[in-house]
Amino acid sequence: MNKFSRSPATTPAIAITPERSVDEITGSRRLRRMRKADWSRRLVQENHLTVDDLIWPLFLMEGSNAEEPISAMPGVARHTIDRAVRQAERAAKLGIPAIATFPRIEQSLRDETGSHALDADNLINRATRAIKQAVPEIGIITDVALDPFTSHGHDGILRDGEIINDETVSQVAAAAVEQAAAGADIIAPSDMMDGRIGAIRDALDRNGFQNVAIMSYATKFASAFYGPYREAIGTGSLLKGDKKTYYIDPANTDEALREAEQDLAEGADMLMVKPGLPYLDIARRLKDTFAVPTFAYQVSGEYAMIKAASANGWIDGEKAMFESLLAFKRAGCDGVLTYFALDVAEKL
Ligand code: PBG
């Protein structure tokens, strides 16, 4: 008979009270000891969110001194360049290291190949120049996909129902050079064409932009969480079909690792995982495997979910915001692109 066996005579059919004391069960190891007070919780906190972790995405539009709210993203608006400059000033004052700009291009400037992406004076490049001049201390990250510029909303050149890889890569690389010439500090290609990182690196270097970095949207998934963003840049109603022939299948993780590995080999300085919260496993795998600067994009749909639940009184929006961002740190991210950035920075 060992010490765990019970005699049938004294044991009820369902035993409610443990026979052993909790100290015996835990061996006196009680994890609640360090959770008992605010000071002890702070003392053992493993991960922290600071303002240095934040990248703030900003939507741009034509015009002056105006902004337009985006209905599916309460609290987020598109800004004309002059207003975007003021937003960048606010962000810099709060210590946010960088902003990421996304243009809503006029429909009349969109075409089959997204040729306006190559215009040195397009909305995104004018905004970069204006922000660089007024707020030189903030980093500017520019997205270099063609989707804001195409009449069909795809990230690449579309011909006979196919997204043409290599032609898209040349165009994206040329657009990246224009963005760097306008003053972008980091080029962030989000189109997922094969070979784009190497082509962009070559094009930047050949044009004297050796110091412009590349943050690769290395693991970008064909996700349902981008909906509100497409409203924000006005591509939602244009998009025919889906992006499954170029974004990664949400079911895959080894493939994501291969993407990241290739992007690093081609010259990416940083990796990004997108969307964020549903893909924390990817962030952790990238960080553990490559040990390079790793970022996540808490995308528009993730923001919208927190805002909507909070507006209905179903969750505490502020707590959910902080918890979701801390989760990225726990998963190994060095920073997060988040529409909450200004809010968070103000509260930190
Ligand atoms: C596409 C692009 C997307 C986002 C930024 N650039 C995805 C898409 O529209 O397919 C999404 C950002 C977000 O949802 O917040 N190049």
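Visitor: Which residues does Ser300 touch, not counting residues up to four places away in sequence?

Guide: This is a predicted model, in which local features need pLDDT of at least 70 and side-chain atom pairs count only at pLDDT 80 or more, while totals for chains, interfaces and linings use all residues. Residues are numbered from 1 along each chain as its sequence is written, and side-chain values use heavy atoms, with hydrogens and water left out. Contact means heavy atoms within 4.5 Å. By that criterion Ser300 touches Met73, Phe225, Tyr226, Gly227, Pro228, Tyr229 and Tyr339.

Visitor: Is Ser300 buried or exposed?

Guide: Buried means under 20% relative accessible area, exposed over 50%, and partly exposed in between (1.4 Å probe, protein chains only). Ser300 counts as buried because its relative accessibility is 1%. Its place is in helix α10 (residues 300–311); helices are DSSP runs of H or I with at least four residues, strands are runs of E with at least two, and both are numbered from the N terminus.

Visitor: Which residues come nearest to the ligand?

Guide: A residue is near a molecule if one of its heavy atoms lies within 4 Å of it. Of the 17 residues around the ligand, Ser190, Arg230, Lys274, Ser300 and Tyr339 come nearest. A polar contact is a pair of N or O atoms within 3.5 Å. Polar side-chain atoms of Ser190 and Tyr229 each lie by a nitrogen atom of the ligand, at 2.7 Å for Ser190 and 3.1 Å for Tyr229. For Lys243, a polar side-chain atom is 2.8 Å from an oxygen atom of the ligand. The protein covers 100% of the 400 Å² of accessible area that the ligand has on its own.

Visitor: How many salt bridges does a search of the whole structure find?

Guide: A salt bridge is a side-chain nitrogen of Lys or Arg within 4 Å of a carboxyl oxygen of Asp or Glu. The search finds 23. One of them joins Arg104 to Glu68, with the closest N and O atoms 3.4 Å apart. Arg104 lies in the loop between β4 (98–103) and α4 (123–134) and Glu68 in strand β2 (residues 67–69), so this pair ties together parts that are 36 residues apart in sequence. Glu68, Arg78 and Arg104 are linked in a network of salt bridges.

Visitor: What does the pair of Glu346 and Arg90 tie together?

Guide: Glu346 forms a salt bridge with Arg90, the closest N and O atoms being 3.4 Å apart. Because Glu346 lies in helix α12 (residues 341–347) and Arg90 in helix α3 (residues 81–93), the pair ties together parts that are 256 residues apart in sequence.

Technical notes
Polar contact = N/O pair within 3.5 Å; in protein donor to acceptor, adjacent residues only side chain to side chain. Areas by Shrake-Rupley, 256 points an atom, 1.4 Å probe, with all protein chains shown as cover.
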